[in-house]
Amino acid sequence: MSDLKSKLKEKIEAWRPRTVKLLKEYGDVKIGEVTMAQAIGGMRGVKCLVTDISYLDPLEGIRFRGFTIPEVLEKLPKPKDGGEVPLVEGFVYLLLTGDLPTDADVDAIASEFNDRKEVPKYVFDVINAMPGDTHPMVMLSAAIVAMQRESEFVKAYNAGMSKMDYWEPTYEDAMNLLARLPEIGAYIYRHKYKNDDIIASNPSLDMGANFAHMMGIDKPYDDMSRLYFILHSDHESGNVSAHTGHLVSSALSDPYYATSAMVNGLAGPLHGLANQEVLRWIQGVMDQMGGKIPTEEEMKKFVWDTLNSGQVIPGYGHAVLRKTDPRYTAQREFCLKHLSDDLIFKYVDVLYKVVPDILVEQGKAKNPWPNVDAQSGVIQWFYGLKEYDYYTVLFSIGRAIGVLSNIIWDRALGYPIERPKSLTTEMLEDIVAGK
Ligand code: CMX
């Protein structure tokens with residue numbers, strides 16, 4: 001058993017009694033109520049999910065295992081080549097175990113990923129067989145589900161494993177997936193946009209650096225990849241992608257099914273695809289401006305035109321957050337350091353100055369501030385990744401870290417199949433009428 005897996009085993013055994021006690025002794029304690037608006041309105045704010053991997057405070061933003069983004073960026077081990085962003089391997093360790101890793105822990109995970117990262121050839125054949133205009137998220141989702149025949153969970157389940165052991169083969173599937181997703185993601189990019197000029201994986205590099213290498217993009221794109229994967233990893237459990245992964249996995253569908261499903265949820269323009277929408281929207285404005293930076297007044301007009309035509313401003317608003325997303329801020333700091341003169345960054349900057357006031361004036365959005373997607377495409381574009389329909393693949397690789405960490409713990413703590421209750425409209429009307 002790997003060091004990480006034995007550490008996880010210890011943590012799981014220590015944690016299980018806490019969950020069992022809450023369930024057995026305090027199962028009737030109320031933690032909230034559900035209103036009519038919540039039932040009709042997408043369950044906003046209903047407290048009915050449990051996770052210890054991350055917590056989202058509406059004003060503060062995300063904490064991963066109790067650490068804010070600046071703390072994660074400061075405390076986790078960094079690459080030895082002068083890279084400024086922590087190694088993704090160490091972040092995986094933090095999400096899984098709740099502890100900060102040592103350099104040795106990080107090295108052990110890097111070597112575990114290296115041993116697991118060979119993608120079966122038939123997966124690439126599936127991607128190659130798709131029409132050239134297939135969306136990269138479809139390629140990713142199909143590639144993941146095609147690999148389902150590799151599932152260790154399915155093999156162990158069919159062999160009659162005990163429920164207490166479910167987490168162990170889930171861990172194997174999760175680690176295999178995490179090791180392979182950057183390989184698959186880079187393959188999709190080079191296959192679809194670079195004439196199949198595939199760049200072989202380099203086992204001596206960490207996950208972020210190897211991804212940059214396989215994409216064919218120079219430094220500091222290695223740091224950018226690390227930052228991107230860490231920032232997009234997890235946002236507690238209620239968002240569409242995380243919740244989809246958890247839900248599908250609750251039926252004991254294995255991590256391949258669950259991860260492919262979470263990718264499909266992330267592909268919606270109100271969720272992960274918003275990063276591509278931001279770039280598409282900005283490009284439209286740039287075309288109309290002939291490349292010149294709009295004044296605040298000109299930008300206000302573009303924003304109002306979009307709102308008045310019944311569309312949302314991509315990259316702004318959030319179902320939980322009520323302040324600027326710290327994931328936006330972390331990327332903005334990266335931009336200020338590395339691409340402050342970039343034209344598109346300047347557009348994003350003007351947007352930041354005008355959009356919140358306009359959304360407040362419009363009076364609909366509960367949160368007028370930018371989210372993670374408002375800035376992320378700009379950085380990719382700057383480093384030459386101009387094919388913006390690819391951006392959500394990057395989000396998916398990051399999000400898989402959080403979703404798979406959660407799935408391992410879901411299985412370890414024995415969370416059951418998810419099954420909320422529906423009512424009919426007539427029943428709601430009867431409740432209002434006091435019947
Ligand atoms: N532009 C215009 N209108 C917006 C808006 C925006 N950026 N954000 C919210 N609104 C509107 C909603 O569409 C809704 O309108 P209706 O009453 O007509 O339906 C109203 O304001 C209230 O919405 P809300 O309660 O503030 O927000 P929701 O929780 O319903 O939705 C989100 C959250 C993210 C889907 C929404 O803010 C949005 O559509 N943003 C733009 C898309 C985006 O950036 N998505 C990425 C989010 C981060 C991620 O998951 O990756």
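How many salt bridges does the count come to in this structure, if a salt bridge is a side-chain nitrogen of Lys or Arg within 4 Å of a carboxyl oxygen of Asp or Glu? By this rule the count comes to 28 salt bridges. One of these pairs is Glu168 and Lys9, whose closest N and O atoms are 3.7 Å apart. This pair links distant parts of the chain, since Glu168 belongs to helix H9 (residues 167–193) and Lys9 to helix H1 (residues 3–26), 159 residues apart. Helices here (H or I, at least four residues) and strands (E, at least two) are DSSP runs, numbered from the N terminus.

The model is a predicted one, in which local features need pLDDT of at least 70 and side-chain atom pairs count only at pLDDT 80 or more, while totals for chains, interfaces and linings use all residues. Residues are numbered from 1 along each chain as its sequence is written, and side-chain values use heavy atoms, with hydrogens and water left out.

The protein chain is divided into two parts: domain 1 (54–270 + 391–412) and domain 2 (274–382). These bounds come from an automatic or database domain assignment. The contact between them (heavy atoms within 4.5 Å) takes 27 residues from domain 1 and 26 residues from domain 2. The C-alpha centres of the two domains lie 27 Å apart. Buried area is the accessible area (1.4 Å probe) that two parts lose on being put together, summed over both. Between domain 1 and domain 2 this area is about 2,200 Å², and carbon and sulfur atoms give 65% of it.

Polar links also join the two domains. The count between them is one salt bridge. Elsewhere in the list of such pairs, the side chains of Glu84 and Lys337 meet in a salt bridge at 2.6 Å, N to O. Nine residue pairs between domain 1 and domain 2 are in polar contact, both residues being at pLDDT 80 or more. A polar contact is a pair of N or O atoms within 3.5 Å; within protein, one must be able to donate a hydrogen and the other to accept it, and residues adjacent in sequence count only if both atoms are side-chain atoms.

On the side of domain 1 that touches domain 2, the elements giving two or more residues are strand E1 (54–57), strand E2 (61–64), helix H11 (221–231) and helix H19 (391–412). Helix H11 gives the most, with six residues.

An oxygen atom of the ligand is 2.6 Å from an N or O atom in the side chain of Asp373. A polar side-chain atom of Arg44 lies 2.9 Å from a ligand oxygen atom, and for Lys364 the value is 3.0 Å.

Two backbone details remain. The peptide bond from Lys219 to Pro220 is cis, with omega near 5 degrees, and Pro220 is placed in the loop between helix H10 (207–215) and H11.
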